[in-house]
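Please read it alongside the sequence and the structure.

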Amino acid sequence: MEHVRKLLISVVIILICLTTTGTTLGAPYRGVEFPAGAVSFADEVVDYQLNGGAASGDVSRILGIPDGKYVSLGDKGHIIVKFTDNALTTSGDSQYDLAIFEAGTSAREFVEVFISSDGQNWIKIGDANKKTLFDIDPIEGVIQGEKYSYVKLTDLTGLSKGTSYEGADMDAVGAITSTDPAPEDARAEEENEENENAERTIPENNEIPEFPTIAIPMLAILGLAFIYRRHKE
Ligand SMILES: [Ca+2]
Ligand SMILES: [Ca+2]
Ligand SMILES: [Ca+2]
């Protein structure tokens, strides 16, 4: 019986380690490593103009992690997204800082990519197609350590005119070099959290895995231990 108990204890320890570390590590998305994980991606659509056949697209599809769901911009259409729970910044070296994910299959559908710290003054950082990564450090006008919360994408080639997928098909925008949000967004975020906390009646602790995640392997282990014990007896 002693070794059964030891086995159970070690399995439980392993399970606890897996469930607590697995959720906090950086994750690869479409083969790109984002050290900050899902928070790295754009949170809000600030402005847009969808043109031609793409005019009735769903702009929210550009937000969050790359998921294959996209919004097409139409010929010369544009979209401005904002990071609110994070910000894009410089890495201080030649590592990639920004990733633009386009869902189309055409190698000729390009968008112009701009970044801004205030949503008014834009710095062009290049053109993107499919999956394109940018190192923003060497770009003229980029300030070291500045928080760039805004990204603007403008369709450049306007292919597939008249279809619902006219122009570039934008899936996601992610800050590989991701930092804390710009001060005004950090304040808004805090206020949101305060409001949420005030509304909450039941305390919530995200560190505790949800019941099914932990219960299923636990039940399996208990079952095995039971069979093992029976076998011994
Ligand atoms: Ca974000
Ligand atoms: Ca860089
Ligand atoms: Ca998407």
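The largest nonpolar core has 41 residues, and the members that touch the most others are I62, I79, I100, V111, V151, M170 and V173. Two or more residues of this core come from each of strand 5 (78–82), strand 6 (87–88), strand 7 (98–102), strand 8 (111–116), strand 9 (123–128), strand 11 (150–155) and strand 12 (169–175). The model is predicted.

**Core**
- In soluble globular proteins, nonpolar side chains tend to be buried together.
- V111 is among the core members with the most contacts to other members.
- Leaving aside residues up to four places away in sequence, V111 touches L73, D127, A128, L153, T154, D155, L156 and A168.

- An open sheet is built from five strands, ordered 3-5-11-8-9, with antiparallel pairing.
- Strand 3 (44–49) and strand 9 lie at the edges, and each pairs on one side only.

**Strands 8 and 9**
- Strand 8 and strand 9 run antiparallel and are joined by five bridges.
- E112 has D127 in strand 9 as its bridge partner, and D127 is also one of the residues that V111 touches.

**Chain as a whole**
- The chain contains three helices and 13 strands.
- It has 233 residues, of which 30% count as buried.
- Among contacts in the chain with a separation of 6 or more, 74% are between residues 24 or more positions apart.

Terms used: Residues are numbered from 1 along each chain as its sequence is written. Chains are lettered from A and ligands numbered from 1 in the order in which they are written. This is a predicted model: local features need pLDDT of at least 70, side-chain atom pairs count only at pLDDT 80 or more; totals for chains, interfaces and linings use all residues. A nonpolar core is a set of buried Ala, Val, Leu, Ile, Met, Phe, Trp, Tyr and Cys residues joined through C-beta atoms within 7 Å. A residue is buried if 20 or more other C-beta atoms lie within 10 Å of its own, exposed if 12 or fewer, and partly exposed in between; C-beta atoms are placed from the backbone. Helices (H or I, at least four residues) and strands (E, at least two) are DSSP runs, numbered from the N terminus. Two residues are in contact if their C-beta atoms, placed from the backbone, lie within 7 Å. Two strands pair if DSSP finds at least two bridges between them.
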